[in-house]
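This report goes through a single structure by topic. The sequence and coordinates come next, followed by the text.

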Amino acid sequence: MDNKKFQEMIDEFTLDSDAIKDVAASFRYDIEHGVKETGESSLRMLPSYIGLPTGKETGEYLALDFGGTNLRVVLIRLDGEGKFEVIKKVAKPLVVPGEYDFICADANADELFDFIADMIEEAVDGNRDKKYLLGHTFSFPSSQTNIYNARLIIWTKEFATKGVEGEVVNDLLKAALARKNLTNVEPTAVINDTVAVLLAAAYKLGNVNIGSIYATGHNTCYYETFTGMGKPAMVINMESGGFNKLAINKYDYKLDMESEKQYEQRLEKMVSGRYMGELLSYCLDDAWNIGKVEFTSIDISTILADNSDSLDEVCDLLKAKINADITTDDAIWVKALAETIASRSARLVVATYCGIMWHLYPNGGIPKQFVAVDGSVYEKMPTIKDNMQKAIYEILGEEADKLELVLENGGSALGAALAAAMEPVEC
Ligand code: BGC
């Protein structure tokens with residue numbers, strides 16, 4: 001066991017208070033340049049053409065949640081007053097190993113959208129008479145010219161289906177629905193999942209300006225008023241996973257070089273669930289020369305959850321993965337490393353929230369508000385919430401208690417239904 005090696009790796013992933021304050025400041029810089037469209041921002045700052053809900057929205061809508069490997073179609077009734085009811089839910093994975101895979105480079109757009117149309121058919125019980133308005137949460141960077149027209153700029157999260165990049169996703173969906181004779185289902189609105197989380201939280205709680213996903217992928221949106229700029233207020237999908245004013249270490253570099261889209265999504269590759277396990281794999285290979293052994297963020301969660309002295313669970317997991325004798329001492333170092341990878345992730349994510357606060361309230365005086373977050377990393381990975389809270393205090397000091405992080409669970413479907421119910425912002 002090379003303790004020195006592990007200590008070096010831990011140091012490479014450690015970000016102190018000054019480092020995260022610097023990240024918050026450069027993130028704010030990129031927001032401001034993005035809003036002014038100076039060309040100097042690494043944030044895409046995509047207009048969503050939607051504002052915040054009043055909380056009074058009502059009616060029955062179909063919601064399509066397309067953002068990760070699990071696809072959901074939900075029939076939802078909005079009852080106003082922040083209330084809603086799920087009437088029917090159909091959920092299916094986009095990949096079943098050995099059976100089908102709609103997200104690999106061998107799959108094409110028609111196959112993917114036909115699969116989605118089948119799920120929609122199931123959600124409406126084959127009904128071809130009743131009119132359904134469909135809100136679509138599509139969780140990939142898309143450029144919009146209105147609430148309907150969202151064109152996929154680039155796949156992220158290692159999706160690679162052919163024939164979707166550059167296309168208007170709702171046109172692909174409409175065509176697939178037409179092939180199934182389901183023209184009574186009308187896709188009307190497309191939003192990003194961060195926007196869905198923000199809308200869902202605003203509908204239920206009010207008093208929220210930030211919506212964020214901390215899961216397989218990572219991204220954040222916020223409500224921008226464009227004060228004094230003569231533009232209508234609306235939610236902006238920052239595509240913050242693409243923020244790139246960050247120092248990377250050699251493991252980040254290696255991961256990037258071996259990813260589907262090199263030089264893209266720098267922040268996301270440092271923080272999200274899709275990549276944290278992979279970073280651990282590269283580190284363990286560097287320490288132990290074991291080649292590429294696959295670790296996932298669920299493995300990281302298992303490692304972080306073992307609080308026993310002997311770290312038996314960590315030892316068992318490592319033995320099973322790398323087929324070698326592992327001592328408690330080894331496990332202690334691996335756990336310390338996993339903790340640092342997770343802590344770096346939480347601290348970077350929070351730095352971006354604080355950067356938004358500095359942009360929204362340049363003279364200080366942050367009003368009390370919620371920050372709505374959804375996603376498995378936020379919800380389930382041990383240590384994440386504590387590290388986020390701690391980092392908020394380190395960056396915002398006395399103003400830290402103005403921000404309350406809330407889990408907006410499953411907001412993607414509710415947000416999509418709200419987007420279908422709301423009046424869009426016209427420009
Ligand atoms: C996508 C974002 C999305 C995030 C969370 C990222 O990979 O680019 O659009 O919001 O994942 O799902």
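## Accessibility and positive phi

A residue counts as exposed if its relative accessible area is over 50% and as buried if that area is under 20%, with partly exposed in between. The model is predicted, and these classes are applied to it below.

Asparagine 181 has a relative accessible area of 51%, so this residue is exposed. Its place is in the loop between helix 4 (169-179) and strand 10 (185-191). The phi angle of asparagine 181 is near 65°, which is positive although the residue is not glycine.

Leucine 311 also has a positive phi without being glycine, here near 50°. The residue belongs to the loop that runs between helix 9 (297-305) and helix 10 (312-322). Is leucine 311 buried or exposed? With a relative accessible area of 4%, leucine 311 is buried.

Which strand order does the open sheet have? Its five strands are arranged as 4-3-2-7-10, and the pairing is mixed. Strand 4 (83-93) and strand 10 are the edge strands; each has a single partner, so one side of each lacks a neighbour in the sheet. From one strand to the next, the twist averages 25°.

Strand 2 (residues 58-66) and strand 3 (residues 70-80) are antiparallel and share eight bridges. Three residues separate the two strands, which form a hairpin. Within this pairing, tyrosine 61 is opposite isoleucine 76 of strand 3. Strand 2 also pairs with strand 7 (residues 132-138), in this case in the parallel sense and through five bridges. There, leucine 64 stands opposite histidine 136 of strand 7. Strand 7 in turn runs parallel to strand 10, with six bridges between them.

Helix 4 lies across strand 2, strand 7 and strand 10, and its direction is at about 160° to strand 10. Helix 5 (residues 193-205) lies across strand 3, strand 4, strand 7 and strand 10. The angle between helix 5 and strand 10 is about 95°.

## Aromatic pairs and a cluster

How many aromatic pairs does a search of the whole structure find? The search finds 17. One of them joins phenylalanine 6 and tryptophan 333, with 6.1 Å from centre to centre and 45° between the planes, a tilted arrangement. This pair links distant parts of the chain: phenylalanine 6 is in helix 1 (residues 3-13) and tryptophan 333 in helix 11 (residues 328-360), 327 residues apart. Phenylalanine 6 is buried at a relative accessible area of 1%. Tryptophan 333, at 19% relative accessibility, is counted as buried because the cut-off is under 20%.

Phenylalanine 140 and phenylalanine 159 form a further pair, with ring centres 4.8 Å apart and planes at 55°, so the pair is tilted. Phenylalanine 140 is in the loop between strand 7 and strand 8 (142-144), while phenylalanine 159 is in the loop between strand 9 (150-152) and helix 4; the pair therefore ties together parts 19 residues apart in sequence. Both of these phenylalanines are buried. They belong to one aromatic cluster made up of Phe66, Phe113, Phe138, Phe140, Trp155 and Phe159. The ring of phenylalanine 140 also has a charge over it: the charged end of lysine 157 sits 4.5 Å from the ring centre.

Glutamate 278 is in helix 8 (residues 273-288). Its relative accessible area is 15%, so the residue is buried, the cut-off being under 20%. When residues up to four places away in sequence are left out, glutamate 278 touches Leu255, Lys292 and Phe295. The C-alpha atom of glutamate 278 is separated by 34 Å from that of aspartate 401, which is 123 residues apart along the chain.

With which side chain does the side chain of glutamate 278 make a polar contact? The partner is the side chain of arginine 274, at 2.9 Å. Arginine 274 also lies over the face of tyrosine 275, at 5.4 Å from the ring centre.

How values were computed:
Residues numbered from 1 in each chain as written. Predicted model: local features only at pLDDT ≥ 70, side-chain atom pairs only at ≥ 80, totals over all residues. Heavy atoms only, no water. Pairing = 2+ DSSP bridges. Helix = DSSP H or I, 4+ residues; strand = E, 2+ residues; numbered from the N terminus. Buried < 20%, exposed > 50% of the residue type's maximum accessible area, 1.4 Å probe, protein only. Contact = heavy atoms within 4.5 Å. Polar contact = N/O pair within 3.5 Å; in protein donor to acceptor, adjacent residues only side chain to side chain. Axes fitted to C-alpha atoms, helices over the stretch in contact; angles between N-to-C directions. Phe/Tyr/Trp six-rings, centres within 6.5 Å; stacked < 30°, edge-to-face > 60°. Lys NZ or Arg CZ within 6 Å of the ring centre and 35° of its normal.
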